[in-house]
Amino acid sequence: GEFLTRATRSLTLRPELAVSWKPNATATVWTFELRPNVKFQNGKAFGADDVVATFKRLVDPNSGSQALSAFKGVLSPAGVRKVDNLTVEFRLDAPTASFPYLTSSTTYQAIILPADYKLGTFTSEAQTTGAFRLASYSPGVGAKYERNTSWWGGQAPLDGIDVTYYSDDAAVIAALLGRQIDLIGQIQF
């Protein structure tokens with residue numbers, strides 16, 4: 001999935017689903033201009049309604065969202081507003097100069113989902129934007145992703161990605177050393 005902004009390794013922000021963002025003079029209102037001609041992997045067009053629904057869901061105090069730890073005191077559901085199909089305005093609860101980081105990959109829950117997203121369907125339906133689309137998912141076992149041929153960013157550099165879940169540190173290290181896998185996300189010492 002993709003975010004409005006993407007944090008690089010050096011923690012600078014680059015555009016992703018938002019092409020630009022700017023605050024008002026007091027950093028209490030942030031306006032994001034969205035990337036045109038983006039489609040979700042299910043073929044639906046991406047737009048401001050999807051961003052508004054995603055953020056309202058993330059900041060709803062009754063949602064149980066883990067994103068509340070990042071957004072509490074910063075953004076409330078009433079502060080998320082569609083200006084037009086490619087513009088979203090965030091009216092913050094308090095001035096926040098770093099707000100664009102909360103819309104980035106540093107807040108992993110902030111993947112933009114369709115406005116009609118149904119809770120609990122994330123792993124069973126291809127419904128994000130991005131270079132790869134979910135092909136299959138087996139809880140506790142792994143997931144397979146295939147290249148999204150209609151990705152706005154062009155052609156992904158890989159045909160697909162196979163993800164294997166390991167419950168034991170020794171098993172994942174053995175798989176890496178045995179060349180059964182190419183990459184691990186985190187090394188346990």
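**Reading contacts and exposure**

Modeller: Arg6 counts as partly exposed, at 22% relative accessibility. The cut-offs are under 20% for buried, over 50% for exposed, and partly exposed in between (1.4 Å probe, protein chains only). This is a predicted model, where local features need pLDDT of at least 70, side-chain atom pairs count only at pLDDT 80 or more, and totals for chains, interfaces and linings use all residues. Residues are numbered from 1 along each chain as its sequence is written, and side-chain values use heavy atoms, with hydrogens and water left out.

Biologist: In which strand is Arg6 found?

Modeller: Arg6 is found in strand E1, residues 5–7. Strands (E, at least two residues) and helices (H or I, at least four) are DSSP runs, numbered from the N terminus. Now take a distance from Arg6.

Biologist: How do I read a pair of aromatic rings?

Modeller: Such a pair is described by the distance of the centres and the angle of the planes. Rings of Phe, Tyr and Trp (its six-membered ring) pair if their centres lie within 6.5 Å; planes under 30 degrees apart are stacked, over 60 edge-to-face, the rest tilted. The structure holds 11 aromatic pairs. In one of them, the ring centres of Trp30 and Phe99 are 6.5 Å apart and the planes stand at 35°, so this pair is tilted.

Biologist: Which parts of the chain do Trp30 and Phe99 tie together?

Modeller: Trp30 lies in strand E4 (residues 29–34), while Phe99 lies in helix H3 (residues 99–102). The pair therefore ties together parts that are 69 residues apart in sequence.

Biologist: Is Trp30 buried or exposed?

Modeller: Trp30 is buried, and Phe99 is too. Both also belong to a cluster. Ring pairs link Trp21, Trp30, Phe32, Phe55, Phe71, Phe90 and Phe99 in it.

Biologist: What about the nonpolar core?

Modeller: In soluble globular proteins, nonpolar side chains tend to be buried together. A core is a set of buried Ala, Val, Leu, Ile, Met, Phe, Trp, Tyr and Cys residues joined through side-chain atoms within 4.5 Å. The largest core here has 32 residues. Leu4, Val51, Phe55, Leu75, Phe90 and Phe99 have the most contacts inside it.

Biologist: Which elements each supply at least two residues of this core?

Modeller: E4, H1, strand E6 (87–91) and H3 do. Helix H1 gives the most to this core, with six residues.

Biologist: And salt bridges?

Modeller: Side chains of opposite charge can pair when their charged atoms come close. The criterion is a side-chain nitrogen of Lys or Arg within 4 Å of a carboxyl oxygen of Asp or Glu. A search of the whole structure finds eight. In one of them, the side chains of Lys44 and Asp116 meet at 2.3 Å, N to O. This pair links distant parts of the chain, 72 residues apart. Lys44 sits in the loop between E4 and H1, Asp116 in the loop between H3 and strand E7 (132–138).

Biologist: Which residue meets Lys144 in a salt bridge?

Modeller: Asp162 does, at 3.4 Å, N to O. Asp162 lies in strand E9 (residues 160–164) and Lys144 in strand E8, so the pair ties together parts 18 residues apart in sequence. Asp162 is exposed, with a relative accessible area of 55%. Lys144 is partly exposed, at 41%.

Biologist: What does Arg147 form with Asp159?

Modeller: A salt bridge, with the closest N and O atoms 3.1 Å apart. Arg147 is in strand E8 and Asp159 in the loop between E8 and E9, 12 residues apart. Asp159 counts as exposed, at 61% relative accessibility. Elsewhere, Arg81, Glu89 and Arg91 are linked in a network of salt bridges.

Biologist: One backbone item. What is the phi of Asn37?

Modeller: Phi of Asn37 is positive, about 60°, although the residue is not a glycine. Asn37 is found in the loop between E4 and helix H1 (48–59). Asn37 is exposed, with a relative accessible area of 75%.

Biologist: And where does Arg179 lie?

Modeller: Arg179 lies in the segment after helix H4 (169–177). Its phi is near 60°, again a positive value in a residue other than glycine. Arg179 is exposed, at 77% relative accessible area.
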